[in-house]
Amino acid sequence: MAFEDLLEDPVIQKYLHELVGPKGMPVAAAPPDGEVTDEELAEELDLELNDVRRALFILYENDLASYRRLRDEDSGWLTYLWTFEYDNIPENLEEEMYRLYDALEDRQEYERNHEFYLCEICSIRFEFGEAMDFGFECPECGSPLESMDNDRLVNAMDDRLDALEDELNIDADA
């Protein structure tokens, strides 16, 4: 898939934005063909050099960019030539989805296996043991803590897990 096709996908745009943030998005959204230096990118995109470098290293850490170093014979300075490797994006997104799935499963188990109490004034949630330690009174405002029904939250997690299982072709019964 070409860079242009990948970058038109809103999911991929959001993924890149989450990685590099708003200051790095111009770097991620305009990958040049071939090699480019950080200075060239900064000048071309009219960005601060530190913002460009930060974005490039984040992309590098996520296997979306690589570099090679050249040493200037006269000055000894190193020049980094960057290449964008967005072919790895679909695989990275799939790994993110698996991480999300595992985290959501863990959180759902936690929600199912604990009893919670809520201060309706402060909107602070406590586990049963914490609520008991505070005498079922909010430590912030002194209001009584009410038993909290988290069935809607657990059901929403069920729905999201089902959707992820479909997307990732996971057999939940296996």
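**Exercise 1.** From which domains does the lining of the largest pocket draw at least three residues each?

*Solution.* Keep in mind that we're working with a predicted model here.

Step 1: Start with the chain, which splits into domain 1 (3-84) and domain 2 (90-168). Their C-alpha centres sit 38 Å apart.

Step 2: Now list the lining: D9, V11, I12, P90, L93, E94, E96, M97, L100, R160 and L164.

Step 3: Hold that list against the domain bounds, and you get the answer: domain 1 and domain 2 each supply at least three residues.

**Exercise 2.** Work out which elements build the largest pocket and what kind of residues line it.

*Solution.* Step 1: The pocket's volume comes to about 180 Å³. Two or more lining residues come from each of α2 (10-29), α5 (89-112) and α7 (151-168).

Step 2: Of the elements, α5 gives the largest share, with six residues.

Step 3: Sort the lining by class, and you find seven nonpolar residues, four charged ones and no polar ones.

**Exercise 3.** Describe how α2 and α5 are arranged and what makes up their contact.

*Solution.* Step 1: Look at the axes of α2 and α5, which come within 11 Å and cross at roughly 75°.

Step 2: Angles of 65 to 115 degrees count as roughly perpendicular, so α2 is roughly perpendicular to α5.

Step 3: Pick out the contact residues: α2 brings V11, I12, Y15 and L16, while α5 brings I89, N92, L93 and E96.

Step 4: Class them, and this contact of α2 with α5 turns out to hold six nonpolar residues, one polar and one charged.

Methods:
Residues are numbered from 1 along each chain as its sequence is written. This is a predicted model: local features need pLDDT of at least 70, side-chain atom pairs count only at pLDDT 80 or more; totals for chains, interfaces and linings use all residues. Side-chain values use heavy atoms; hydrogens and water are left out. On a 1 Å grid over the protein atoms alone, a cavity is a set of points where a 1.4 Å probe fits but cannot get out, and a pocket is an open set with protein on both sides within 12 Å along at least five of seven lines; lining residues have an atom within 4 Å of a point. Grid points are joined across faces, edges and corners, and a volume is the space filled by probe spheres set on the points. Helices (H or I, at least four residues) and strands (E, at least two) are DSSP runs, numbered from the N terminus. Ala, Val, Leu, Ile, Met, Phe, Trp, Tyr, Cys and Pro count as nonpolar, Asp, Glu, Lys and Arg as charged, and the others, Gly among them, as polar. Domain bounds come from an automatic or database domain assignment. Axes are lines fitted to C-alpha atoms, for helices over the stretch in contact, and angles run from 0 to 180 degrees between N-to-C directions. Angles under 35 degrees count as roughly parallel, over 145 as roughly antiparallel, 65 to 115 as roughly perpendicular and the rest as oblique. Contact means heavy atoms within 4.5 Å.
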